[in-house]
Amino acid sequence: YLYLFGLAVYSVLPLDLTISPVELFHKWREGRVMLIPFGFHFTHPAQALYALLSDMAIWVPAGVLYRLHRGTDRVAVQWLTLIAAAVVIEGLQLFVYSRVSDITDIITAGLGAGLGLWGARFVAHMETGMEAKGNGRMYGLPHPAFWLALGWCGVLMTVFWFPFNFHTDGSFVRERLALLGKVPFETYYYGTEFRAITEVLHKILFFMPLGTFMALAARPLQHRMMSIVMRVLTPLVLLGMPAVIELGQTMLPGKYPDTTDWLLETFGALLGYTLIVWQKRGAKGYVKPVRPIVATATPPPESPRSPPPTHLRRGMRWKPHAMVYGVLLVGLWLVTHSPAAPYNVRELLGGHPLWSAVLLAGLLYWTFGAPVWIAMRSDAAGLRGWNMLPLLFVHAVFAWILLRSAVPMESIHDIVGSPVLGWPWEWEIIGRFLALFGIGTLLLTGAAVITLRLCGARTGKALLYWFYITLLLLPALLWVVVGAAATDNLTELMRDGGGVTACVWLVIFWLMMAFTGSLTSRALARRSPSPWPWRWAAILAVAASLPLGYTAFTAATEPFVIKYDQVFSAMQFLFSPDRGHYASGAGLLIRYGIFQSGLIALIVLTQYPLWRQVTDTAPKTVPRKKARSARPNPPMP
């Protein structure tokens, strides 16, 4: 029902509604009410085929979802119900002046819904047969759904590469590859809202069947080696096929490769994969057999179920949190008053230095420590792991409150820029800060989730939710921070003015620092009998992060900045004490080493109390007292 509601909302965009008989008559005279099927005009057969397949693909998920929801009904009844829904939605388009009401859409909706109903029924019968035959006795052959996935790859190549007029000239290919360096969603931004939504739906829905077929093909087979091969091939196909499609479009003159399309296509494939996995886990027919209860004289002793490998202790110990906060406050005061620190850091404390230092220390603690708590809460939420999204929003909002109360507005403008959109109050500044802060919070939370996973926690669902949320939000947040920046204070320090390559390197750098800090903090706080293997892993991670982090940071920043009648690098601008004394050579390298080591140490320090709240083993169970035997009362003396 939610999906049908989304289709109805999409069908009435851009909401230029009319109920005037005169305007409806003009709409009919202008040819936007078509009562003859397949009466539309097209310049090329491929264009018509793409339009028809797109209209069908939009209704395929409706058929699949309705079949899963009302599996006991007859297929004919379900099909007629979906056709009636298509008629209602097409009738609503009659009152949208700029939309075309075409009876062909009802036909394509019926075909797509029927295909979805038949596909869901076919998959259910195939799975039932596989279960009845002992998983199919494939003897080293892949699951039949794998051949469907290969066939769908051919369909995708046909749709996105037609008419296959490839140009392999080197200069032409290099010029087309430059299109992949655009900021995500830049192409959609300069088009209409309706066109953007249409392309998003097309890209996602065309790749959902690929993820569906691979989810069925990756299930455990009787042949162990083939099962392992399929599990390895699945992520390669889901991530590689969209990349192949976009790279192939670089050699097609009539196509426009875009990083945004790759992200949307990958999201569609992963969404189809996830839906099948969730459906199989929640299907009523897949219930583990229950051992029959045998009546005995004495019931068997209950074995206490062990909790997950990591869980929070009850009761919050405030002493380590207070100690860490005190260390942050003292360290912040010393850094902001040190003449060797960059002048932008020394200017953070406003008119009330002590009050600003107290709030800034709280901001640092909240920024780097809260993502661990968000990761733990998302793990405990199970299927409600989408709670991670509102938690991330609350985290960013509270950080803005602390920052706005601690530092002068001039320092905030240096980072996010001055208002340029004319919005009332400070909403533009708040929105730009939330976007910038959200990028760091997403990566810090992901590093905490990965660390929990490596330490044995069952955080697979939370890691999957984090990946989906990052895939959805990160390109949009980067566009707000870089593509629609209100100042060049950040973009001029990024290589190529903030291109995609620089953004990717910055994301890699921040995720690397966050993971190194989380792993080190977890290793130091680990209370297992043998913590040293984890501590050696943390030592190796810190040692490897120094050269790798320096490589990523230099690849993301601009080596030559011309400003203030001087030529300097972005690293010199960031780590020098002032504009008149730019560090260089070994001094600059030492300053960068201090910055990276201090960043990792800050993450370790702020996350340590929360990692101490996590235990690695189940708490000791207290044995139950033996029940007293029923003996007669002794006689009275």
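Me: Why are helices α19 and α22 called oblique to each other?
Reply: In this predicted model, α19 (residues 500–525) and α22 (residues 585–612) pack at an angle of about 45 degrees, with their axes 7 Å apart. Angles under 35 degrees count as roughly parallel and those from 65 to 115 as roughly perpendicular; the pair is therefore oblique. The crossing of α19 with α22 is right-handed.

Me: What makes α15 and α17 oblique?
Reply: The axes of α15 (residues 388–406) and α17 (residues 427–454) come within 9 Å and cross at roughly 125 degrees. The perpendicular range ends at 115 degrees and the antiparallel one begins over 145, so α15 and α17 are oblique to each other. Their crossing is right-handed.

Me: How do the residues of the contact of α15 with α17 divide by class?
Reply: Among the residues that meet are L392, F393 and W400 in α15, and F433, L434 and F437 in α17. The contact divides into 14 nonpolar, 3 polar and no charged residues.

Me: Why is C153 called buried?
Reply: Buried means under 20% relative accessible area, and C153 has 10%; C153 is therefore buried. C503, in turn, is buried with a relative accessible area of 10%.

Me: How many disulfides does the structure hold?
Reply: The structure holds 0 disulfides, where a disulfide would need a pair of cysteine sulfur atoms within 2.5 Å.

Terms used:
Residues numbered from 1 in each chain as written. Predicted model: local features only at pLDDT ≥ 70, side-chain atom pairs only at ≥ 80, totals over all residues. Heavy atoms only, no water. Axes fitted to C-alpha atoms, helices over the stretch in contact; angles between N-to-C directions. Helix = DSSP H or I, 4+ residues; strand = E, 2+ residues; numbered from the N terminus. Left-handed = near helix turned anticlockwise from the far one by under 90°. Contact = heavy atoms within 4.5 Å. Nonpolar A, V, L, I, M, F, W, Y, C, P; charged D, E, K, R; others polar. Buried < 20%, exposed > 50% of the residue type's maximum accessible area, 1.4 Å probe, protein only.
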